[in-house]
Amino acid sequence: MALIVGAPHRPVPAATDLPGHHPGADRGAPVDPRALRRVLVVRADNIGDVVMAVPAVRALRVVAPQARIDLLASPAGARVAPMVPEIDGVVETSPSWQQLSAGETGVGAQVAAEWTLLDELRCGGYDALLVFTSSTQSPWPVAHLGLMAGIALRAVHSAEFGGTVATHWVTPPPEGTHQVDRCLHLLAAIGLAPTDPGRTPALDVPPAAQDEADAALAGSGLRSGEPFVALAPGASCASRRYPAERFAVAAAAIAAAGLPVRVTGAETEIGLVAAVAETAGHRDVRVLRPTSVPGFAGVLRRAAVAVTNNSGGMHLADAVGTPLVVTWAGTEPHAAMAPRSVPAALLGRRVPCSPCRLLTCPYDHGCLDVTPARVVAAVLERVGVPLEVPCAR
Ligand code: SF4
């Protein structure tokens, strides 16, 4: 069955007026969602990016209920998939276009890995490749792999020329557009979005993962249903991390105000998690170690408030309905990735260098010059505790 129907579609509204519009873009014809059989959705970056793509995956499921939907994801991002029933399978990879260096294994290993990925795409029998990217990422490397694998429909956002690598080369929405809306924009531009798609991320924590989380919470000394604060101090890069010592000061003050704090994170963050809990030095600030990303989400789901950086933990908490206090670095604008499903206090300081999108801060990290007292006040305000903040710093 043909995937593409009708006459070439008109560009997305006002696309030709956008600064990023290339005269070769926006020429693909609308796609018939009923003809889709096997779709590969690409979101190969971090946990939070996959979470923000979930509304688009759900929208795709609405318009193409008959299709198999697979997700191409990084090892971290792939861990989100068990919480999205609309995803049928995962292609897990660490592709060259998402790395900062070839690593210890070198270029030879990268070449081998990419031939393996190409084989997986070929053998997957996909008829459509939908590439979701942020405004600073290029869709072309994976779109080219899709072409080499013989995938008939390849849809991307790009302001840059990519020849005929994509069949649907869509002018991206303006910079600063929320990641959820950016993903949905790509679907809408090629005729694959429902009339009124949901625009808030939501995850279904599987029962086994919730059991794992509840067991970990009980093991940390919490009674069933006892209010607590989940503090997730990690983030994918140093520039987004609030100082561990300041998190520790805030955690001790929150615990002193009567709210137990459980310091938690993904498996890879256990060193930082332990350091924050140890530095806090309060008997009700304890480490909590879920062994999986869904288990981490299950812990966040039980918390009265989650305290995070702009990180995967923030997006997980948002998607499981837990109010947030976020220490927000100036690396990214709020508009592009702020929580959408829950009340959230975004704490930070305006600085002229924001948004910098840097991995480490070359200055004094002024954007995260937020006192622990502000963090504590925001937490206690969210849970309705009087603002007697026993925290001088
Ligand atoms: S202070 Fe400026 S350069 Fe440093 S992380 Fe914040 S926004 Fe980026």
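Predicted model: local features only at pLDDT ≥ 70, side-chain atom pairs only at ≥ 80, totals over all residues.
1. Helix α9 (residues 293-302) is largely enclosed by the rest of the structure, because ten of its ten residues are buried. The buried set runs V293, P294, G295, F296, A297, G298, V299, L300, R301 and R302, so two arginines, R301 and R302, are counted as buried by the cut-off of 20 or more other C-beta atoms within 10 Å. The buried residues of α9 pack against helices α1, α6 (207-219) and α10 (312-320) and against strands β7 (229-232) and β10.

2. Two of the strands named here, β7 and β10, belong to an open sheet of six strands. The order is β9-β8-β7-β10-β11-β12, and the pairing is parallel. At the edges stand β9 (285-287) and β12 (344-347), each of which pairs on one side only. On average, neighbouring strands of the sheet are turned by 20° against each other, with direction ignored.

3. Within this sheet, β10 (residues 305-309) and β11 (residues 324-327) are joined in the parallel sense over four bridges. For orientation when inspecting the pair, T308 stands opposite V326 in β11.

4. The domain assignment divides the protein chain into domain 1 (15-189) and domain 2 (207-383). The centres of domain 1 and domain 2, taken over C-alpha atoms, are separated by 29 Å. Contact between them involves 16 residues of domain 1 and 17 residues of domain 2. On the side of domain 1 that touches domain 2, α1 and α5 (179-189) each supply at least two residues, and α1 gives the most, with five. By class, that side has eight nonpolar, seven polar and one charged residues.

5. The largest nonpolar core holds 122 residues, of which V229 and A251 touch the most other members. Helix α1 (residues 47-63) contributes the largest share of this core, ten residues. Domain 1 (15-189) and domain 2 (207-383) both give residues to the core, so it lies between them. Leaving aside residues up to four places away in sequence, A251 touches L231, V261, V263, V276, A280 and V285.

6. Helix α4 (residues 140-148) has W140, V142, A143, L145 and G146 as its buried residues. What covers them includes strands β1 (38-42), β4 (128-131) and β5 (153-157), together with helix α3 (106-123). Just after α4, G150 takes a positive phi of about 80°.

7. D26, in the segment before β1, has a positive phi near 60°. D26 is buried, because 21 other C-beta atoms lie within 10 Å. H365 also has a positive phi, near 60°, and is placed in the loop between β12 and α12. With 18 other C-beta atoms within 10 Å, H365 is partly exposed.

8. The loop between β12 and α12 (372-383) also contains P355. A cis peptide bond joins S354 and P355, with omega about -5°.

Key. Residues numbered from 1 in each chain as written. Core = buried A, V, L, I, M, F, W, Y, C linked by C-beta atoms within 7 Å. Buried ≥ 20, exposed ≤ 12 C-beta atoms within 10 Å, placed from the backbone. Domains from an automatic or database assignment. Contact = placed C-beta atoms within 7 Å. Pairing = 2+ DSSP bridges. Axes fitted to C-alpha atoms, helices over the stretch in contact; angles between N-to-C directions. Nonpolar A, V, L, I, M, F, W, Y, C, P; charged D, E, K, R; others polar.
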